[in-house]
Amino acid sequence: METDFTPIAALAGGALIGLASAVLMAVHGRIAGVTGILGGLLPTMRERDWGWRAAFILGLIAAPVAMALVTGEMPQIGVPVSTAALVIGGFIVGVGVTLGSGCTSGHGVCGMSRLSGRSIAATLTFMATTALTVFVVRHVVGG
Amino acid sequence: MARILTAFVIGLVFGTGIMVSGMANPAKVLNFFDFAGTWDPSLAFVMGGALVVTAIGYRLAFRMPHPLLSNRFAIPTRKDIDVRLLSGAGIFGIGWGLSGFCPGGLVPALGLGRSEPAVFFVALIAGILAVRVADMLRSRQRLAASS
């Protein structure tokens with residue numbers, strides 16, 4: 001399935017992600033990593049500061065609804081994979097981001113922008129295995 | 001109360017950025033990585049925009065003696081690049097490539113009210129808890145062995 005090249009929306013969205021990440025640091029002193037913020041809410045961690053974490057996650061979930069209130073329609077997405085791929089992929093992502101201490105937001109944006117060696121290494125690694133997986137699924141198995 | 005309200009608004013801005021950028025859209029994410037097929041380079045612009053703004057914003061933030069609503073900046077201090085970090089990142093990429101969802105893209109997508117993000121979310125939480133439980137069992141074994 002082809003998708004349109006949308007550099008302006010991508011740049012604007014990226015700038016908003018950056019703005020929110022910078023403000024979270026300035027106001028709360030926290031890394032805007034979704035893995036870490038969400039993970040701290042789960043029962044095995046029992047972080048005492050669950051209030052801001054829950055509020056941030058609720059803000060994320062409310063975003064498409066807020067956009068729909070402004071524009072009059074829900075943003076559209078396409079999910080070109082099977083339910084099995086969602087279940088297996090979801091479990092694998094959960095395992096990976098927990099072992100790797102972060103995901104695209106924590107390592108890819110926040111860690112890389114403060115030149116953390118761990119985050120740069122992690123980001124290069126997951127970008128490579130993601131591209132490799134997409135190649136295998138679409139052109140080796142599915143080709 | 002100020003902490004809760006500001007965190008909600010920051011989450012709202014972050015989530016809007018995710019939605020506008022296309023990071024919550026598996027069709028676009030998977031095409032970004034599909035160099036040999038229907039390549040869509042948009043996501044490079046997301047990363048570029050986010051990195052520039054965050055890098056500048058962090059520099060300004062770190063000039064303050066402490067965050068506005070907290071007494072310290074909670075910055076990861078580890079520097080070692082170990083097997084756990086790299087294998088975890090590598091495993092994460094396999095799941096991202098299979099599904100097109102990463103945690104930051106997925107959580108805002110939950111608000112769309114569609115079934116696919118919800119299915120992925122349940123599996124994601126199961127994966128996170130599986131590693132935590134395995135870690136707990138291992139440290140308990142180590143304690144038992146040393147006593």
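The model is predicted, with local features needing pLDDT of at least 70, side-chain atom pairs pLDDT 80 or more, and totals for chains, interfaces and linings using all residues. Residues are numbered from 1 along each chain, chains are lettered from A, and side-chain values use heavy atoms without hydrogens or water.

Student: How many cavities of 30 Å³ or more does the search find?
Tutor: A cavity is a set of points, on a 1 Å grid over the protein atoms alone, where a 1.4 Å probe fits but cannot get out. Points are joined across faces, edges and corners, and a volume is the space filled by probe spheres set on them. Over the whole structure, the number of cavities of 30 Å³ or more is 2.

Student: How many charged residues are in the lining of the largest cavity?
Tutor: Asp, Glu, Lys and Arg count as charged; Ala, Val, Leu, Ile, Met, Phe, Trp, Tyr, Cys and Pro as nonpolar; the others, Gly among them, as polar. The lining has 9 nonpolar and 4 polar residues, and the charged count is none.

Student: Which element gives the largest share of the lining of the second largest cavity?
Tutor: The second largest cavity has a volume of about 60 Å³. Helices are DSSP runs (H or I, at least four residues), numbered from the N terminus. In chain B, α2 (26–33) and α3 each supply at least two lining residues. The largest share, 3 residues, comes from α3(B).

Terms used: On a 1 Å grid over the protein atoms alone, a cavity is a set of points where a 1.4 Å probe fits but cannot get out, and a pocket is an open set with protein on both sides within 12 Å along at least five of seven lines; lining residues have an atom within 4 Å of a point.
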